[in-house]
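Please look through the model below before reading my points.

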Amino acid sequence: LKRGKEEDVSIQMLSVQPDTKPKGCAGCNRKIKDRYLLKALDKYWHEDCLKCACCDCRLGEVGSTLYTKANLILCRRDYLRLFGVTGNCAACSKLIPAFEMVMRAKENVYHLDCFACQLCNQRFCVGDKFFLKNNMILCQTDYEEGLMKEGYAPQVR
């Protein structure tokens, strides 16, 4: 069992060896006679018994991690929905749910769809340069045009 942060627990899938005594399932208390079992929280589980307390998804199928808090066993999405920190998008000011993927620039957080140049609306791809000026995200072209208007020449390297 490998632990990350306190609520983050890894799930191991193990093959049941035919010559070993069957282990008891922490979920249903029956013997595990299946070909595979899960090990998490220092306990053994049937694949069907290790489920999210909210959405009932099988945790061994949705990833290799489960989350625990307030005596609940949860998938990542429900853990973040219940206990994650939410905030507002710096571009549109709408709420960003805790489970949603985001983009960050310094202390600003953005919806993925909102992370675009705030002058020309150009979306950024991985590796594109962007600039944060006066709390606005700008593409390289708009940033350099703004510098020219202000009387600064960008340094080209």
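**Notes on the model**

1. Start with N108. This residue sits in strand β10, residues 108-111. Strands are DSSP runs of E with at least two residues, helices are runs of H or I with at least four, and both are numbered from the N terminus. N108 is buried, at 9% relative accessible area. Buried means under 20%, exposed over 50%, and partly exposed in between, with a 1.4 Å probe and protein chains only. Beyond its neighbours within four places in sequence, N108 contacts A90, M103, L132 and N135. Contact means heavy atoms within 4.5 Å.

2. A word on the source. This is a predicted model, where local features need pLDDT of at least 70 and side-chain atom pairs count only at pLDDT 80 or more, while totals for chains, interfaces and linings use all residues. Residues are numbered from 1 along each chain as its sequence is written, and side-chain values use heavy atoms, leaving out hydrogens and water.

3. Next, the cores. The largest nonpolar core has 17 residues, and I11, L50, L59 and L66 touch the most other members. Two or more residues come from each of β3 (36-40), β5 (65-69), β6 (72-74) and α2. Apart from this core lies another, of 12 residues, including I96, Y110, C117 and I137. A nonpolar core is a set of buried Ala, Val, Leu, Ile, Met, Phe, Trp, Tyr and Cys residues joined through side-chain atoms within 4.5 Å. In soluble globular proteins, nonpolar side chains tend to be buried together.

4. Look at I11 again. Not counting residues up to four places away in sequence, I11 touches L38, K39, A40, L50, L59, G60, G63, S64, T65 and L66.

5. Now P18. Where is P18 in the chain? P18 lies in the loop between β2 (12-15) and β3. P18 counts as exposed, at 80% relative accessibility. P18 and R35 are 17 residues apart along the chain, and their C-alpha atoms are separated by 8.5 Å.

6. Last, the record. UniProt, in an unreviewed entry, places "domain: LIM zinc-binding" at residues 23-85 and 87-149. Its positions are given in the numbering used here, feature names are shortened, and annotations may be inferred rather than shown by experiment. Over residues 23-85 the chain is 19% helix and 25% strand, with end C-alpha atoms 38 Å apart. Over residues 87-149 the chain is 16% helix and 32% strand, with end C-alpha atoms 34 Å apart.
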